[in-house]
Amino acid sequence: MEAGTGTAAGPVETVLAKWSDIASIGSAAAVLAWDQETLMPPQGGAQRGASLAVLAGLHHDQLVDPALIEAIDDAGSAVEAGSENEAHLREARRAVERARAVPGDLAREFAAARSRSMQTWQQARADSDFAAFAPMLRELVGLVRQEADAYIAAGLAETRYDALVDQYEPGTTEAELAVLLGDLRDQLTPLVKAVADSGVVIDESPARGVFSEEAQLALGREVAEAIGFDFDAGRLDLSAHPFTTRFGAGDVRITWRYDDDDFRSGLFGIMHEVGHGLYEQGLPGDYARTPLGDAVSLGVHESQSRLWENLVGRSRAFWEWALPVMHRHLPSTDAVTVDALYPALNAVVPSLIRVEADQGTYNLHIVARFEIERRLISGDVDIDDLPDLWDDTYDELLGVRAPDVAAGVLQDIHWAMGSIGYFPTYTLGNLLASQLFDAASRDVGDLTEQM
Ligand code: ZN
């Protein structure tokens with residue numbers, strides 16, 4: 001694996017050897033971060049934060065090492081157009097150029113502000129007090145603007161929003177998203193309104209009951225295994241906010257949480273993360289620890305989680321198979337039928353909270369955030385006006401108004417982390433999932449029967 005350090009190594013091998021070290025630092029940081037969210041006792045936080053900051057600094061130092069960019073430049077003339085090595089160099093250069101574009105002082109200031117901001121947001125949300133968070137958000141948005149301007153100055157983007165969304169969905173632009181999300185807005189708003197005005201109320205009781213953690217875990221694990229998650233190359237653990245992370249080839253971690261009176265949160269949360277996990281377990285092992293070894297974008301990643309959670313998990317065909325499995329693990333559901341369950345899994349009800357939204361309304365939650373954060377990053381809206389803008393946008397798109405800011409503008413962690421331009425990747429994932437499922441149905445023919 002230290003192929004690049006020998007004298008006989010070519011320039012591409014030198015780049016790959018350096019990349020292997022960079023990947024190992026990232027992997028070590030991922031282990032610490034996973035542990036922090038799953039097992040670490042509360043008092044471990046301060047030391048863990050310090051350790052993660054050191055690793056982040058090391059990671060950045062390695063990326064901006066002049067020897068690396070030199071090796072990439074040297075290698076450039078030696079590779080064939082259209083070759084795998086050319087792709088390695090393209091991805092390596094992209095990561096290096098982005099790391100070099102942001103001055104070290106700004107990166108450190110941003111990291112420190114982010115950590116304070118997340119704590120401030122947590123308290124402000126608990127107190128439903130926007131004024132307590134506004135100064136912190138103002139500071140953070142200022143830093144995000146500086147970061148975006150640094151990418152523009154380095155020639156890596158044309159608009160601030162382009163610079164930001166490119167971190168999550170390489171090559172995607174604000175202008176493209178405006179067309180896509182505008183279309184969805186125009187078509188979904190009247191559809192959701194018609195559903196809301198229909199007066200039909202779906203009976204969701206088939207999904208409710210009293211379910212133990214053990215029983216829900218056993219159900220979730222059996223489903224995860226049946227749809228292909230490899231427990232010899234992964235783990236499933238509890239965490240406050242479900243997520244997926246990969247330490248390296250052969251070690252993918254997914255997490256879940258559950259409600260004890262509704263099985264949907266636990267089971268669909270697991271199917272969602274299993275989708276992410278299958279994508280990570282499916283990445284070609286030959287590319288591990290190389291510039292081609294990671295997910296291509298967040299939207300593509302999300303397409304895999306949504307495909308398993310929604311297109312498979314909420315389908316009739318899946319439940320023809322899954323119902324007996326559920327009856328076995330959750331015996332109190334033994335009178336529930338597929339006919340009774342199917343509407344309960346697919347009810348469309350305009351609501352306030354994105355993470356609890358159904359498939360019909362979910363993308364409108366994203367449209368709202370996109371419209372607001374574009375204006376936020378361009379400076380077109382003042383921080384103090386955000387809560388009203390949020391409520392008016394929800395009223396217009398979904399016909400609902402939050403009773404307080406905790407259920408409104410403060411509900412998501414993303415802006416508190418300085419992650420602006422991230423939300424559209426959820427909608428891209430929804431759309432890609434549907435397109436992939438449709439294409440698979442055409443290719444396979446009897447996809448749902450086989451399910
Ligand atoms: Zn996801």
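This is a predicted model: local features need pLDDT of at least 70, side-chain atom pairs count only at pLDDT 80 or more; totals for chains, interfaces and linings use all residues.

Me: What is the strand order in the open sheet of three strands?

Reply: Strands here are DSSP runs of E, at least two residues, and helices are runs of H or I, at least four residues, both numbered from the N terminus. Two strands pair if DSSP finds at least two bridges between them. β1 (234-238) and β2 (244-248) each have a single partner strand, so they stand at the edges. With mixed pairing, the order is β1-β3-β2.

Me: In which sense do β2 and β3 pair?

Reply: One of the residues to look at is glycine 248, whose bridge partner in β3 is aspartate 251. Over four bridges, β2 and β3 (residues 251-256) pair in a sense that is antiparallel.

Me: What angle does helix α10 make with β3?

Reply: Axes are lines fitted to C-alpha atoms, for helices over the stretch in contact, and angles run from 0 to 180 degrees between N-to-C directions. Contact means heavy atoms within 4.5 Å. Helix α10 (residues 263-282) packs on the sheet and touches β1, β2 and β3, and its direction relative to β3 is about 165 degrees.

Me: Why are phenylalanine 229 and phenylalanine 231 classed as they are as a ring pair?

Reply: Rings of Phe, Tyr and Trp (its six-membered ring) pair if their centres lie within 6.5 Å; planes under 30 degrees apart are stacked, over 60 edge-to-face, and the rest tilted. These two have centres 5.1 Å apart and planes at 75 degrees, so the label is edge-to-face.

Me: Is phenylalanine 229 buried or exposed?

Reply: Buried means under 20% relative accessible area, exposed over 50%, and partly exposed in between (1.4 Å probe, protein chains only). Phenylalanine 229 has 2% relative accessibility, so it counts as buried.

Me: Which residues is proline 291 in contact with, leaving aside neighbours within four places in sequence?

Reply: Proline 291 is found in the loop between α10 and α11 (298-312). Its relative accessible area is 10%, so proline 291 is buried. Its contacts beyond those neighbours are Leu16, Trp19, His88, Glu91 and Ala92.

Conventions. Residues are numbered from 1 along each chain as its sequence is written. Side-chain values use heavy atoms; hydrogens and water are left out.
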